[in-house]
Amino acid sequence: MAPLEVPTTKLVDLNQKSLFLSACAIAFNPLFWNIVARQEYHNKILTKLFGGRSQTACYALALTIFSLGLVRDFLYERALRHQPSYPLLELDEVKYLAYALIAVGNILVVSSTWMLGITGTFLGDYFGILMDDIVTGFPFNITDAPMYNGSTCSFLGTALLYGKPAGILLTAWVFVVYQIALKYENPFTAGIYAKRERERAAAKKAGKKSQ
């Protein structure tokens, strides 16, 4: 009698170059905007490029970041199409969860952009375009990083919608990359606003002395 063969399902196809290309795009985007934004803060490279118009330079960076995001999403979807599906991820309940995650992700991203505006969302702080006050309303009252967390939810939702374990793996990579980015971004941004408060306090003190 021939031996019984137990069918196995490959979860992730590591031979697909599209998988690694997607992973590289995920890592590249926050690396790019952090390097460029810090160069802008220290050396004003974009502001100089746009003739001293810092707001125009910020909008240009915003357009670049948005475009890179579209490329990243395209590469992610293409990577998923080249990966094997998993039967348990094709259940209706999983699809409902996928749609819910995508909806939550989009709500977090869109609402945070609405609250911050274009310059507040796309690193305007590094251009000297600072918010008057800290935004504390929705969605910042439920998460301190709604853009990153919303994006992660959308990645996971898309992975489940396609029924691809590789998508879950890439989502984990998204989470790690964003957490590393936050470790660099949050203290730096806090430092920018702390500097403004010191300058305001010094100006106020100097004003009192002149009186």
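## Phe188 and its partner

At 17% relative accessibility, phenylalanine 188 counts as buried. Buried means under 20% relative accessible area, exposed means over 50%, and partly exposed lies in between, with a 1.4 Å probe and protein chains only. Tyrosine 41 pairs with phenylalanine 188 edge-to-face, at 5.3 Å centre to centre and 80° between the planes. The pair links distant parts of the chain. Tyrosine 41 sits in helix α1 and phenylalanine 188 in helix α6, 147 residues apart. Tyrosine 41 is partly exposed, with a relative accessible area of 23%.

## Basis of the model

This is a predicted model; local features need pLDDT of at least 70 and side-chain atom pairs pLDDT 80 or more, while totals for chains, interfaces and linings use all residues. Residues are numbered from 1 along each chain as its sequence is written, and side-chain values use heavy atoms, with hydrogens and water left out.

Helices are DSSP runs (H or I, at least four residues), numbered from the N terminus.

## Aromatic pairs

The count comes to 6 aromatic pairs. Rings of Phe, Tyr and Trp (its six-membered ring) pair if their centres lie within 6.5 Å; planes under 30 degrees apart count as stacked, over 60 as edge-to-face and the rest as tilted. Phenylalanine 28 and phenylalanine 32 form a stacked pair, 5.7 Å centre to centre with 25° between the planes. These two residues are 4 apart in helix α1, so about one helical turn separates them. Phenylalanine 28 is partly exposed at 41% relative accessible area. Phenylalanine 32 is also partly exposed, at 22%.

Ring pairs also join Trp33, Tyr148 and Tyr178 into a cluster.

Helix α1 covers residues 17–43. The expected span of a helix is 1.5 Å times one less than its number of residues.

Helix α3 spans residues 54–81, 28 residues in total. Its first and last C-alpha atoms are 41 Å apart, close to the expected 40 Å. Which residues of α3 are buried? They are Ala57, Cys58, Leu61, Ala62, Ile65, Gly69, Arg72, Leu75, Tyr76, Ala79 and Leu80.

## Backbone features in the loops

Just after α1, lysine 44 takes a positive phi of about 55°. Lysine 44 is in the loop between α1 and α2 (45–49). Is lysine 44 buried or partly exposed? At 31% relative accessibility, lysine 44 counts as partly exposed.

Leucine 123 has phi near 65°, a positive value in a residue other than glycine. Leucine 123 lies in the loop between α4 and α5. Leucine 123 is buried, with a relative accessible area of 11%. Proline 139 is also placed in the loop between α4 and α5. The peptide bond from phenylalanine 138 to proline 139 is cis, with omega near 5°.

## The largest pocket

A pocket, on a 1 Å grid over the protein atoms alone, is an open set of points where a 1.4 Å probe fits, with protein on both sides within 12 Å along at least five of seven lines; lining residues have an atom within 4 Å of a point. Grid points are joined across faces, edges and corners, and a volume is the space filled by probe spheres set on the points. The largest pocket has a volume of about 1600 Å³. It is lined by 44 residues. Closest to its centre are Leu116, Thr121, Pro146, Met147 and Tyr148. Two or more lining residues come from each of α3, α4 (92–121), α5 (146–162) and α6 (165–210).

The lining divides into 26 nonpolar, 11 polar and 7 charged residues. Ala, Val, Leu, Ile, Met, Phe, Trp, Tyr, Cys and Pro count as nonpolar, Asp, Glu, Lys and Arg as charged, and the others, Gly among them, as polar.

## The second largest pocket

About 210 Å³ of space lies in the second largest pocket. Its lining consists of Ala27, Pro30, Leu31, Asn34, Ile35, Arg38, Trp173, Val177, Ile180, Ala181 and Tyr184. By class, the lining holds 9 nonpolar, 1 polar and 1 charged.
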